[in-house]
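The sequence and structure come next.

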Amino acid sequence: MDYQNRAGSKFGGGGVASTSATNADRRERLRKLALETIDLDKDPYFFKNHVGSFECRLCLTVHQNDGSYLAHTQGRKHQTNLARRAAKEQKEGRAGLDPVTGMPIGMVGAQVNVKRNVVKIGRPGYKITKTRDQVTRQQGLIFQLQYPEISPDVTPKVRFMSAYEQKVDDPPDKNFQYMLVAAEPYETCGFKLQAREIDRTNDRYFTWWDPDLKELWVQVMFKTEREERYSGVPGLAPSRR
């Protein structure tokens, strides 16, 4: 094939670069430029997920390597979203805030809680057992969660969430509540429970963490219908058979 007479080519140069080669060269130049100006450890929108890919929290995009993410930060979409975010913060009166800590820029010496980028390793194993008090006839659940790879000096945390706080079930159902269990580096587990009042008296609700077996035990006992109905009536003691 004659390469001498092709437009834009020189003898021995191998011909004109293709579109894909030109795009690859452009991405590499943008990556090198971004490495000189951007520190990924301080980028509030940079996140590494559990499969090793990189995500942009601002644009909701996924990238296979850091070079692709850095090239994305120099692109039109990311820069447009940055400008929109800055305009929104200025309109809401949050201009001049640090994007990482959320505090005014220049504020030195304040103690803040900075969210860490932790690589999640999946959900823990768990077992749920139904239980019933033979005396009070209360119904309840016992949760057993296993965290064999839990981070050192980390104790699982438990909290309850109403249907209107969560973002998974839409529209929210007021007949249910959610129990969340969090422990790094595992994903947060959520259990959907009936929206019944939990009895927290006489250790009927308790959590127990076994650091040797790395197991968390949670017991949840629900109040009876009579207790829920008359719990707010002054002078009326709950029925205990």
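Is Cys56 buried or exposed? Cys56 is buried, at 1% relative accessibility (buried means under 20% relative accessible area, exposed over 50%, partly exposed in between, with a 1.4 Å probe and protein chains only).

## Basis

This is a predicted model: local features need pLDDT of at least 70, side-chain atom pairs count only at pLDDT 80 or more, and totals for chains, interfaces and linings use all residues. Residues are numbered from 1 along each chain as its sequence is written, and side-chain values use heavy atoms, without hydrogens and water.

## Cysteines

The structure has zero disulfides (cysteine sulfur pairs within 2.5 Å). The closest cysteine sulfur to that of Cys56 belongs to Cys59; at 3.9 Å, it is too far for a bond. Cys59 is buried too, with a relative accessible area of 8%.

## Aromatic pairs

The whole structure holds seven aromatic pairs (ring centres of Phe, Tyr or the six-membered ring of Trp within 6.5 Å; planes under 30 degrees apart are stacked, over 60 edge-to-face, the rest tilted). One of them, Phe46 with Phe54, is stacked, at 5.3 Å centre to centre and 25° between the planes. Both Phe46 and Phe54 are buried. Phe46, Phe54 and Tyr69 form one aromatic cluster.

Phe143 and Phe191 make a tilted pair: 4.9 Å between centres, 50° between planes. Phe143 is buried at 1% relative accessible area, Phe191 at 7%.

## Charges over rings

The charged end of Lys192 sits over the Phe176 ring, 4.6 Å from its centre (NZ of Lys or CZ of Arg within 6 Å of the ring centre and within 35 degrees of the ring normal). The charged end of Arg200 sits over the Tyr205 ring, 4.8 Å from its centre.
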